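Visitor: I would like to go through this model step by step. Please show it first.

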Amino acid sequence: MLPSDRTLGVQSKNDGQYADAYVYHSVPQMAAPGETGAPPMVPMVGPDGQVVMMPSPVQHQAGPAGECQAVAGMLCNVMNVLLVFVPLGIISHYREWGALTVFVCNFTAIVPLAGILGGATENLAVHTGQMIGGLLNATFGNAVEMIVTVNAIKAGLVSVVQGSLIGSILSNLLLVLGMAFFAAGIVKKESPFNATAASANMVCLAVGAIALALPTVYDRLDHTTEEDVLNVSRISSAVIAIVYVLFLVFQLVTHQELFGGEEDEGEEAHMSATTSVIMLLAATVCVAMCSEFLVDSIEGVTEEYGLPEAFIGVILLPIVGNAAEH
């Protein structure tokens, strides 16, 4: 057994003492190499030039204690103080505290839930590999917007859905990108970026913009019926979905080397796949409930306080999904 709280080093041939200039790691009491629970042995070069096998200096706590520590690390966030609004939002809906109270409570509750949803997705993506992980990030990364959109469509709030789509594009394209440029400019004069990835995303953005504008342009033509415009809109949405799938295949399968970054190297999961799935499902259920109550209160807020639906869709709803993420 190794002595407790002892600093491991390489023994020098000159003085027989642990070399002060080359200290590996401070390791608490652990099993000896070969025993159950022993850390993996890795080759390390000592100060005398000899390669010796030493216990791996980087060890993550495993077992239930490690899982609890990882979950606590995710939940012990300043923004997660807002999780208190999750039960308040549910209670306010069933107790009928008023449309504005229901809207504010559920709106505030979705913000930390979106952050937990994103964190659980990232941890699960590490376990599933790059292809499935990319699909998970692409799907659950936008889960809040999709859930809110589905609930708004069910409630017949088409103008809110249209406004939220425009608001999501503008917030990511202008607000998030602009703040990223501004923050990077404070730290360094020039910031490098992946030109290939930026070009591919710009092409997808151009295709999406054309597909969104095409039904409106087609509606302005003479002798065009509403059914014709609806067919064009459906075809455009199908094209966007196909382009998106092809882009994922291009990015994650056929040309993944073009999109690689240094920040992706050595990425480790802090939670097991089972814990990540549980956190993901719990956050999704809470988001679905809060978004449903949020959408149900929009009409009441609009009628009682005169808040335009366009403002709610373009400004407020995009903030819900982007606040915790960015």
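Guide: Axes here are lines fitted to C-alpha atoms, for helices over the stretch in contact, and angles run from 0 to 180 degrees between N-to-C directions. The model is predicted.

Visitor: How are helix 7 and helix 8 oriented to each other, roughly parallel or roughly antiparallel?
Guide: Helix 7 covers residues 195-219 and helix 8 covers residues 226-254. Their axes lie 8 Å apart, and the angle between the two helices is about 175°. Angles over 145 degrees count as roughly antiparallel. Helix 7 is therefore, relative to helix 8, roughly antiparallel.

Visitor: How many residues of the contact of helix 7 with helix 8 are nonpolar?
Guide: On the side of helix 7, the contact includes Ala-200, Cys-204, Val-207 and Leu-214. Helix 8 contributes, among others, Val-229, Val-232, Ile-240 and Phe-247. The contact residues comprise 2 charged, 4 polar and, as nonpolar, 12.

Visitor: Is Val-217 buried or exposed?
Guide: Val-217 is part of helix 7. Its C-alpha atom is separated by 9.3 Å from that of Val-229, which is 12 residues away along the chain. The cut-off for exposed is over 50% relative accessible area. Val-217 has 51% relative accessibility, so it counts as exposed.

Visitor: What is the phi of Glu-96 near?
Guide: Glu-96 sits in the loop between helix 2 (85-94) and helix 3 (99-128). With 70% relative accessibility, Glu-96 counts as exposed. Its phi is positive in a residue other than glycine, near 55°.

Visitor: How does helix 2 lie relative to helix 9, roughly parallel or oblique?
Guide: The axes of helix 2 and helix 9 (residues 273-296) come within 10 Å and cross at roughly 45°. Angles under 35 degrees count as roughly parallel, and 65 to 115 as roughly perpendicular. Helix 2 is therefore, relative to helix 9, oblique.

Visitor: Is the crossing of helix 2 and helix 9 left-handed or right-handed?
Guide: Where they meet, helix 2 supplies Val-86, Gly-89, Ile-90, His-93 and Tyr-94, and helix 9 supplies Met-289, Cys-290, Phe-293 and Asp-296. These contact residues divide into 6 nonpolar, 2 polar and 1 charged. The crossing of the two helices is left-handed.

Definitions and conventions:
Residues numbered from 1 in each chain as written. Predicted model: local features only at pLDDT ≥ 70, side-chain atom pairs only at ≥ 80, totals over all residues. Heavy atoms only, no water. Helix = DSSP H or I, 4+ residues; strand = E, 2+ residues; numbered from the N terminus. Contact = heavy atoms within 4.5 Å. Nonpolar A, V, L, I, M, F, W, Y, C, P; charged D, E, K, R; others polar. Buried < 20%, exposed > 50% of the residue type's maximum accessible area, 1.4 Å probe, protein only. Left-handed = near helix turned anticlockwise from the far one by under 90°.
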